[in-house]
Amino acid sequence: MTPPRFTSVPKAVPGDRVAVLSPAFAAPAVSPAVHEQAMRRLTESTGLIPVEYPTTRQLGASAEARATDVNAAFADASIRAVLATIGGDDQITVIPHLDDDVIAANPKPFLGYSDNTNLHNHLWSLGVPSFYGGSTQVHLGPGPAIDDIHLLSLRAALLDGGETQLTEPGESEDFGVEWTDPRALTEFGEREATEPWTWAGPDRAVEGRTWGGCIEVIDPLAVADRMPATGDLDGAILLLETSEELPDADQVMRWVRGLGERGILSAVAGVLVARPPVSELHRSVPSVKERSQLRAAQRHTVIEQVARYNPDAVVCVGVPFGHTRPQWIVPYGGTIRLDGAERTVTADYS
């Protein structure tokens, strides 16, 4: 297989229209108030005009109907970007109904994470770069404001471009206030101080195009035979994160080991691993010590498995992307540089 040639995707300008879709779960149907606040904040912070589609607020929409909205958003020349409201569980069933010719001929930025790994991976196969992160229902609508690092990377992905060094905001929440609670519009979830990022591998800088996503989604992608050819990932930066389903370290170890056996770990130049959630809504929250131990167990097993298959890979664990808030949106199919000597992560949003 020939590796995809990635196309250059133009940025939007204030006043442009952007699609807001639910290609997985239609979260706006659960809490219209959070969704509508997100739409207002999107326009206020970027100048962009959100456009909803038939399934954006439709619970239980078929895979075909959701794919129709994705196809329509890419086909419409007046739509300059596509934003997912949230992730979900069954986006893998949407992918076969996409019109690849339309999408490849009309590339535009797509933002989302979690189950949206399916769509990111598909765009990657078509040579269309995207941005991993962003959920209107999680990162724009709830709370008193948009987090600084999220807004910075949102604007970089949609409007500004350029290189940005990722930084640690110093606080994190695993989940926010329940959307049906009026406080969700004005309060963050319970936040705690974060820990320094952990680096492993050689003290050198590596740079490459990114691929990966939510590891619970990568597993069924492999079963469905939708993974990139291993050779296409030579020199890439692998993105890995886990979801609110809170897989334990043993399960994460098996998934990462599977990537090693497939040859992916030995192919990539570096691995960027997100700070994992370790508590969830409607369940007893582990103590501070227990939360730290759960994160450490996952961190250690990922580093151990990467070292087993590729001791030359530069690894950074703990960066706030994926299932956390504040959240960095990061390039997918774009470029990230991991500098193991300077301990810096730099993302190119062009």
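**Helix packing and the open sheet**

The crossing of H8 and H10 is right-handed (the near helix is turned clockwise from the far one by less than a right angle). The model is predicted; local features need pLDDT of at least 70, side-chain atom pairs count only at pLDDT 80 or more, and totals for chains, interfaces and linings use all residues. Residues are numbered from 1 along each chain as its sequence is written, and side-chain values use heavy atoms, without hydrogens and water.

Helices (H or I, at least four residues) and strands (E, at least two) are DSSP runs, numbered from the N terminus. The axes of H8 (residues 249-262) and H10 (residues 288-309) come within 9 Å and cross at roughly 20 degrees. Axes are lines fitted to C-alpha atoms, for helices over the stretch in contact, and angles run from 0 to 180 degrees between N-to-C directions. H8 is therefore roughly parallel to H10 (angles under 35 degrees). Residues of H8 in the contact (heavy atoms within 4.5 Å) include Val252 and Met253. Among their counterparts in H10 are Thr301 and Val302.

An open sheet has six strands in the order S2-S1-S3-S4-S5-S14, with mixed pairing (at least two DSSP bridges between two strands). Strands S2 (49-52) and S14 (330-332) stand at the edges with a single partner strand each, so one side of each lacks a neighbour in the sheet. The twist averages 30 degrees from one strand to the next. S1 (residues 17-21) and S2 run parallel, joined by four bridges. Val20 has Glu52 in S2 as its bridge partner. Helix H2 (residues 63-75) packs on the sheet and touches S1 and S3 (79-84).

Methods:
Parallel < 35°, antiparallel > 145°, perpendicular 65-115°, else oblique.
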